[in-house]
Amino acid sequence: MRFKSRMAVEHVQLLHNVIVPISRLTGGGGGPDGKSIGSGTTIYLDPEVLRISSRGGAGRTVDGGGGASSHLGGGGVGGGGGGDQGTEGIACFSELIAMNGIFLEHKIESIAENVIVFDIDLVQLRTALAATLQSLGGGGADG
C-alpha cells in the first residue's frame, strides 16, 4: 500500500482543529498525566473521504452515568455512560472530504480497492500536526 498527499497550511490547521477535541473527549492525552488511556482511534482513508473513528475511556470512569452528548464540526459525538459508571467512554466520528477537501492532492494505492485503514495514537498525531503548524508559522498550540 502507498499513500502520498499534499496539504496547505489551512488544511493542516483544520485537521489539527478536528483532532484536538476528539483526543480530549476520548482520553487521548486529555488527562492530567498526558497519557492516552483507553482510547482507540481508527482512520479510514479512500480517494473520496477521510474518516476518523475514536472510542475512549475503556477501563476507566469517564462520566459516572448519563448520556452526555455534544457535537463536533464534521462529525457526531455519541454519549457514553450507562450502568458501568461510564467505562464505555465517548465515541466520536468525523468525516472529512479528501478529494479537493482536506488534501490539495493525494494518491492511494492498495490492493483493497484503494482503501487504507489503520489505528493511530491521537496524542502522536496531535503532536505531529502541532509541530508542523509551528514550523510553518501557523500556530498549532494544543491549548
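1. Glutamate 109 is partly exposed, with a relative accessible area of 28% (buried means under 20%, exposed over 50%, and partly exposed in between, with a 1.4 Å probe and protein chains only). Please bear in mind that this is a predicted model, in which local features need pLDDT of at least 70 and side-chain atom pairs count only at pLDDT 80 or more, while totals for chains, interfaces and linings use all residues. Residues are numbered from 1 along each chain as its sequence is written, and side-chain values use heavy atoms, with hydrogens and water left out.

2. The structure holds 4 salt bridges, a salt bridge being a side-chain nitrogen of Lys or Arg within 4 Å of a carboxyl oxygen of Asp or Glu. In one of them, glutamate 109 meets arginine 2 at 2.9 Å, N to O; the partners are 107 residues apart, arginine 2 in strand 1 (residues 2-6) and glutamate 109 in strand 7 (residues 105-109), where strands are DSSP runs (E, at least two residues) numbered from the N terminus. Arginine 2 counts as exposed, at 53% relative accessibility.

3. Arginine 6 and glutamate 105 also form a salt bridge, with their closest N and O atoms 3.5 Å apart; this pair, too, links strand 1 with strand 7, across 99 residues. Both side chains belong to partly exposed residues, glutamate 105 at 46% and arginine 6 at 45%.

4. Between glutamate 95 and arginine 51 the N to O distance is 2.8 Å, and because glutamate 95 lies in strand 6 (residues 91-97) and arginine 51 in strand 3 (residues 49-55), the pair ties together parts that are 44 residues apart in sequence.

Definitions and conventions
Helices (H or I, at least four residues) and strands (E, at least two) are DSSP runs, numbered from the N terminus.
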